[in-house]
Each structure stands twice: as structure tokens, then as C-alpha cells.
Amino acid sequence: MHVLLLGGHGKVALHLTPLLLARAWNVTSVIRNPDHEPEIRALGQGKKGSLDVLLSSLDDVKTENDAKSIIDRVQPDYVVWSAGAGGKGGPARTQAIDEVAAKNFISASFANTKITKFLLVSHIGSRRKQPSWLSDDEWAHLQHVSNNVLPAYAKAKLEADEYMTALAAKQQRKPFQAINLRPGTLADTPATRKVQLGKTAGRGTITREDVAIVADKLLARDDTNGWYDLLNGEEPVDEAVERVVREKVDTVEGEDVEGMVKRFS
Ligand SMILES: *[C@@H]1O[C@H](CO)[C@@H](O)[C@H](O)[C@H]1NC(C)=O
């Protein structure tokens, strides 16, 4: 398998790259800054899969065709979106990358018959309605972060999440796994390999390394689909992944998927 990893120099992506290569999958890591190329290349040393670096700025992905030309060049089987403006460049750049470029890669991936999986890294607060499993306090906290702390980011992410969910619901392309991974507050401490996955609490942290570990495991299965919220917790990662699949957990539950489909058709 060959993975197109968008946002290859992000901290989650740096943890994810060696995990994918260890599966003997090939990875093309897309980064903007050539100064980061040696650091990325070093991740490929001595791994089963081979690593390639593609220098490209996601700021320039303004149309589906721009995304398509990158996809056509790489010819991946799976696409991972772990990119983001990271708050640099103000709200306009956040929209250009987290929303516009993400949506262009999503639609270009759905349109490409070789690609069978798209994993989009989002965040736990990216939803419109209070879900049944969250307390009023937890929901108020998530709303506060989305509306007051990171409004441009939250708006852009919600747009991309709903877009992918709408395409997945509308097209029903099989096989195609649209996986939306939704971590809480990110931490740089080492992985604990213990998580809450699926219907989690509304606030809490998760290490970036654990996000990568879960992303790798969700990608490696053929039966993962939909939205998965993620925090550190008590359940070992493998058991958590098994459980969400077995119980068909999808935290899009409570959101208006029909509305998303209408809005994007
Ligand atoms: C992975 O890369 C190696 C070395 O470049 C190549 O021989 C192999 O065909 C690639 N596999 C896939 C699935 O792209």
C-alpha cells in the first residue's frame, strides 16, 4: 500500500510516518519547507516501506484539480490529512488550508478509483449539536473553544468534516473508508497506549503519539468508518479499536447528515 501523507512535518504525522512504514507501506510525505526534508527522510531509514518526500505548499491547492495533480503524481491507495495552517497566517490562511485544500483533497480522493481510504484528523469539538453522551458542562466547554478560542480553525474544520461526511453518505462508494479522527487537547508527552475512543468525555488530553498510534490502527483495518472521538483513558488501544468496530460506534450520531448531504450537492 502507498499512503499520501498531507502535512508530513506536523507532530502527529512525524509519529505516524514510521508506523506506516513498519507495515511495509510506502509513504509519500508532503511538506512545504525544504529545510524539513532531512528530518523526514531520516524517518525512513531501515524501515520495511519506502519513504518519499514531496515538496508542495497546500496554500496552492485552490481547486480540486490542484489536489488531483498531486494525487495523480503519487498514485496512493490511502490518503491521510494531518495538515493545517496551525494558526499561522491568520484566518484567511486557516480557511485556505484547513477548509479549501482539505475539501479539494477529499473530493479528488473520492473521485480517484484507486484510493480506498481517507483519514482526516479533526478535533473533538467539531460538531453542531450537543451529543447525547456529553454533559451540559462538557458541551459548553467545547462550544467555548470552538466559538471563542479558535473560531476560524473550528469553522474550517467543521466544513471539511461535514464535506467528507456528505460525500461518504451520498456516494456510498465501496470500498471507501472515510475516517474522521477527532482528538481532544493535544499533548507532547510520550504515548500511554490507553485511550477513550468513540463516545468519550468532552474534555481531556491525548498525546500526539497516541493519536498517531490510533490513526495507524484505524487505517490498517478494512472495517473502520465515520467519526471517532479520542482522549487518553484506561482502555488499551487495540481493545478500543476492536470495540468501536464491533459496536459500530460513529460519533456523527446526533448530527444532521441529511443536511450535510443537501448542503454539498
Ligand atoms: C514501494 O516502494 C518500493 C521501492 O520503491 C517499490 O518497489 C514497491 O513497488 C512500492 N510498493 C507500492 C505498493 O507502491
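**Close-up views of a predicted model**

View 1. An open sheet of mixed pairing is built from nine strands in the order E3-E2-E1-E4-E5-E6-E10-E8-E11, where two strands count as paired if DSSP finds at least two bridges between them, and where helices (H or I, at least four residues) and strands (E, at least two) are DSSP runs numbered from the N terminus. Strand E3 (51-55) and strand E11 (235-236) are the edge strands, each pairing on one side only. The model is predicted, so that local features need pLDDT of at least 70 and side-chain atom pairs count only at pLDDT 80 or more, while totals for chains, interfaces and linings use all residues. Residues are numbered from 1 along each chain as its sequence is written, and side-chain values use heavy atoms, with hydrogens and water left out.

**View 2. Strands E5 and E6 with the helices packed on the sheet.** Strand E5 (residues 117-121) and strand E6 (residues 177-183) run parallel and are joined by five bridges; Val121 has Leu181 of E6 as its bridge partner. Helix H4 (residues 90-111) packs on the sheet and touches strand E1 (2-6), strand E4 (78-81), E5 and E6, its direction making about 170° with that of E4. Helix H6 (residues 151-171) also packs on the sheet, touching E4, E5, E6 and strand E10 (226-232), and its direction makes about 155° with that of E6. Contact here means heavy atoms within 4.5 Å, and the axes are lines fitted to C-alpha atoms, for helices over the stretch in contact, with angles running from 0 to 180 degrees between N-to-C directions.

View 3. Met1, Asn26 and Ser50 are the residues around the ligand, each with a heavy atom within 4 Å of it. A polar side-chain atom of Asn26 lies 2.3 Å from a ligand oxygen atom, and a polar side-chain atom of Ser50 lies 3.0 Å from an oxygen atom of the ligand. Of the 360 Å² of accessible area that the ligand has on its own, the protein covers 32%, by the Shrake-Rupley method with a 1.4 Å probe.

View 4. Arg41 forms a salt bridge with Glu37, their closest N and O atoms being 3.0 Å apart; the term requires a side-chain nitrogen of Lys or Arg within 4 Å of a carboxyl oxygen of Asp or Glu. Both residues, Arg41 and Glu37, lie in helix H2 (residues 37-43), four residues apart, or about one turn of the helix.

**View 5. Backbone features in two loops.** In the loop between H6 and E6, which holds Pro175, the peptide bond from Lys174 to Pro175 is cis, with omega near -10°. Arg193, although not a glycine, has a positive phi of about 60°, and is placed in the loop between strand E7 (185-187) and strand E8 (194-198).

Definitions and conventions. A polar contact is a pair of N or O atoms within 3.5 Å; within protein, one must be able to donate a hydrogen and the other to accept it, and residues adjacent in sequence count only if both atoms are side-chain atoms.
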